[in-house]
Amino acid sequence: MRAIVVTEKGGPEVLELRDEPDPEPGPGQLLVDVEAIGVNFRDIYERDGAGGYAGDPPFVAGAEGAGTVAAVGDGVHDFSVGDRVAWAAAPGSYAERVVVDDGAAVPVPDGVGTEIAAAAILQGMTAHYLAIDTYAVQPHDPVLVHAAAGGVGLLLTQIVKLRGGRVIATTGSDEKAALARGAGADHVLGYDGFADKARELAGGAGVAVVYDGVGKATFDDSVKALRPRGCMVLYGAASGQPDPVDVQRLHGGGSLYLTRPGLPHYIATTHELRFRAAEVFGWIADRRLDVRIGARHPLEDARQAQEDLAARKTTGKVLLLPR
């Protein structure tokens, strides 16, 4: 099979298209013919060694995708050959075939295309846990969503609106601003001076929560934008990791909350994984949640896909298509 291999830790140049042996499913595993692969910042962190991702090269990149079950190992009862499945955590997903643990796979329902499932599984569940569990958005809450035209940002904006919140979005261009408005954002700001503007739009007291996947470039002003007892949710670091925080600053800002959540802790059991994915897929099937696929690349263009994502040239979801 064809696969994208990380040959050593480094930049996009370490990604190499190779012919690799087909994997074999072991007990409790599925062998899946991959139809669409999600490209994420975690893939970049995995490739360059940042963010605590382990693993010694060479290894096949990626973790997210969707496709059709080709074979099942012993002890698999939830899936059969021919079922469509999606996954957010299967190492080696930048390939034509991948082995997925039974407990890490979710069924793709009728009414959700396989490409859409690959585009929504990781970022959709991320937006879901952020708005429903990390900080449970309440009706009329003023909510600041950074990078609102990105894959998570567009979905998060829509979910906040489903919960009755008011979205103050930040984007980096007029094109991205239009996408954020199309997703339901009530106000769209550029990044310059966003803290004061967001506080003003929130009635002067500040926003209830900031959802920040940008990191270093926005962190300080994000904290300044919060109201007393507001919640600073740092769920990514596209611009780099923020500097260490003096915890006394949280008191000075009005008993603020600071959290750094991650998806693995919100899909820690198969039950929670499938519940969260089913709710996201259900909203998609009901047309309450729109998934934007901003770019599709053939598998061999994985380098370009990651470069575009890192340079924040993308909107919505970036996919690799192995066939």
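# Close-up views of a predicted model

View 1. Residues are numbered from 1 along each chain as its sequence is written, and side-chain values use heavy atoms, with hydrogens and water left out. The axes of α1 and α9 come within 10 Å and cross at roughly 110°. Axes are lines fitted to C-alpha atoms, for helices over the stretch in contact, and angles run from 0 to 180 degrees between N-to-C directions. Angles of 65 to 115 degrees count as roughly perpendicular, under 35 as roughly parallel, over 145 as roughly antiparallel and the rest as oblique. Helices (H or I, at least four residues) and strands (E, at least two) are DSSP runs, numbered from the N terminus. From α1, F41, D43, I44 and R47 meet Q306, L309 and A310 of α9. Contact means heavy atoms within 4.5 Å. By class, the residues of this contact are 4 nonpolar, 1 polar and 2 charged. Ala, Val, Leu, Ile, Met, Phe, Trp, Tyr, Cys and Pro count as nonpolar, Asp, Glu, Lys and Arg as charged, and the others, Gly among them, as polar.

**View 2. Helix α1 (residues 41-48) has buried residues R42, D43, I44, E46 and R47**. Buried means under 20% relative accessible area, exposed over 50%, and partly exposed in between (1.4 Å probe, protein chains only). The cover over these buried residues includes β1 (2-6), β2 (15-19), β3 (29-39), β4 (59-60) and α9 (302-310). P58 sits in the loop between α1 and β4. A cis peptide bond joins P57 and P58, with omega about 0°.

**View 3. Helix α2 (residues 114-134) packs with helix α8 (residues 270-285) at an angle of about 110°**. Their axes are 9 Å apart. That makes α2 roughly perpendicular to α8. On the α2 side, the contact residues include I116, A120, M125 and I132. On the α8 side, they include L273, F275, F281 and W283. The contact of α2 with α8 has 14 nonpolar, 2 polar and 3 charged residues.

**View 4. Y129 and Y266 form a stacked pair, because their ring planes are at 10° and their centres 4.2 Å apart**. Rings of Phe, Tyr and Trp (its six-membered ring) pair if their centres lie within 6.5 Å; planes under 30 degrees apart count as stacked, over 60 as edge-to-face and the rest as tilted. The pair links distant parts of the chain, 137 residues apart. Y129 is in helix α2, while Y266 is in the loop between β14 (257-259) and α8. Both Y129 and Y266 are buried. The whole structure has 2 aromatic pairs.

**View 5. Q123 lies in helix α2**. Its relative accessibility is 10%, so Q123 counts as buried. Leaving out residues up to four places away in sequence, Q123 touches N40, E64, G151, V152, L155 and K317.

**View 6. Six strands form an open sheet with parallel pairing, in the order β11-β10-β9-β12-β13-β14**. Two strands pair if DSSP finds at least two bridges between them. The edge strands, β11 (187-189) and β14, each pair on one side only. Neighbouring strands of this sheet are turned by 15° against each other on average, direction ignored. Helix α3 (residues 151-162) lies across β9, β10 and β12 (207-212), and runs at about 170° to β9. Helix α5 (residues 194-201) lies across β9, β10, β11, β12 and β13 (226-234), and runs at about 165° to β11.

**View 7. Strands β9 (residues 142-145) and β10 (residues 166-170) run parallel, joined by 4 bridges**. P142 has R166 as its bridge partner in β10. V145 has A169. In a regular strand the side chains alternate between the two faces of the sheet. From β9, P142 and L144 point one way, V143 and V145 the other way, and all are buried.

**View 8. H140 and R229 take positive phi values**. For H140, phi is near 75°. H140 is in the loop between α2 and β9. H140 counts as exposed, at 63% relative accessibility. For R229, in strand β13, phi is near 65°. R229 is exposed too, with a relative accessible area of 64%.

Definitions and conventions. Predicted model: local features only at pLDDT ≥ 70, side-chain atom pairs only at ≥ 80, totals over all residues.
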